[in-house]
Amino acid sequence: MDSAVLPLAAGEYTVSVTKGDAPKKPNVVFVTENSSTDIGSYIYAVPGKKDVFTAVLQGSADSRVQDVATRIGTLLVKKSGCPSYVCVSGAVSEMDEMELVREVLTKSRSS
């Protein structure tokens, strides 16, 4: 598992990525704000013939957190062809959203 601490405007986040091997071994991603937070949104994304299908395993009261988790899962499946588990916990600001997605995609390529 490749991990890094990412300082952003809303706080520090730990980004951990385990890269999957197509087509069976899934990508596993944890994005966690470095403060005491409950589990946010946990999703599972799988490749279909033309689309990516996602299932919410654990919902979040904050729709932005769920949107970020879904976006990361969808992008990982499209790039790798592997199923993906993604958990995002903490408050994600609009400014930090793209930086978190970029960091996860970078880590998934280098893992």
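Me: Hi! Quick one to start: does K107 count as buried or exposed?
Reply: K107 counts as buried, because its relative accessibility is 12%. Buried means under 20% relative accessible area, exposed means over 50%, and partly exposed is in between, with a 1.4 Å probe and protein chains only. Keep in mind that this is a predicted model, where local features need pLDDT of at least 70, side-chain atom pairs count only at pLDDT 80 or more, and totals for chains, interfaces and linings use all residues. Residues are numbered from 1 along each chain as its sequence is written, and side-chain values use heavy atoms, with hydrogens and water left out.

Me: Thanks! Where is K107 found?
Reply: K107 is found in helix 2. Helices (H or I, at least four residues) and strands (E, at least two) are DSSP runs, numbered from the N terminus.

Me: And which residues is K107 in contact with, leaving aside its neighbours within four places in sequence?
Reply: Those are D2, S3, A4, V15 and V17. Contact means heavy atoms within 4.5 Å. There is also a C-alpha distance for K107 and T18: they are 89 residues apart along the chain, and their C-alpha atoms are separated by 8.5 Å.

Me: Let's zoom out. How many helices and strands does the protein have?
Reply: The protein has two helices and six strands. From the N terminus on, the elements run β-β-β-β-β-α-β-α. The radius of gyration is 13 Å, close to the 13 Å that the globule rule gives for 111 residues, so the protein is as compact as a globular protein of that length. That radius is taken over C-alpha atoms, and the globule rule is 2.2 Å times the number of residues to the power 0.38.

Me: What does the C-alpha trace span along its principal axes?
Reply: It spans about 35 × 30 × 20 Å. Of the 111 residues, 36% count as buried.

Me: Now the inside. Which residues touch the most other members of the largest nonpolar core?
Reply: V31, I72, V86, V88, L100 and V104 do, out of the 22 residues in that core. Strand 1 (2-8), strand 2 (11-18), strand 3 (27-33), strand 4 (41-47), helix 1 (63-80), strand 6 (84-89) and helix 2 (94-110) each supply at least two of its residues. Helix 1 gives the largest share, six residues. A nonpolar core here is a set of buried Ala, Val, Leu, Ile, Met, Phe, Trp, Tyr and Cys residues joined through side-chain atoms within 4.5 Å.

Me: What does I72 touch, not counting residues up to four places away in sequence?
Reply: I72 touches V31, V86, V88, V101 and V104.

Me: How about I43, buried or exposed?
Reply: I43 is buried, with a relative accessible area of 0%. I43 lies in strand 4. Leaving aside neighbours within four places in sequence, I43 is in contact with A55, V56, L57, A69, T70, G73, S84, Y85 and V86.

Me: Switching to P26: where is its place?
Reply: P26 sits in the loop between strand 2 and strand 3. P26 is partly exposed, with a relative accessible area of 24%. Beyond the neighbours within four places in sequence, P26 is in contact with T18, K19, G20, P83 and Y85.

Me: And G11, how far apart in space are G11 and E33?
Reply: They are 7.0 Å apart, C-alpha to C-alpha, and 22 residues apart in sequence. The place of G11 is in strand 2, and at 22% relative accessibility G11 counts as partly exposed.

Me: Last one: what share of contacts between residues at least 6 apart in sequence join residues at least 24 apart?
Reply: That share is 60%.
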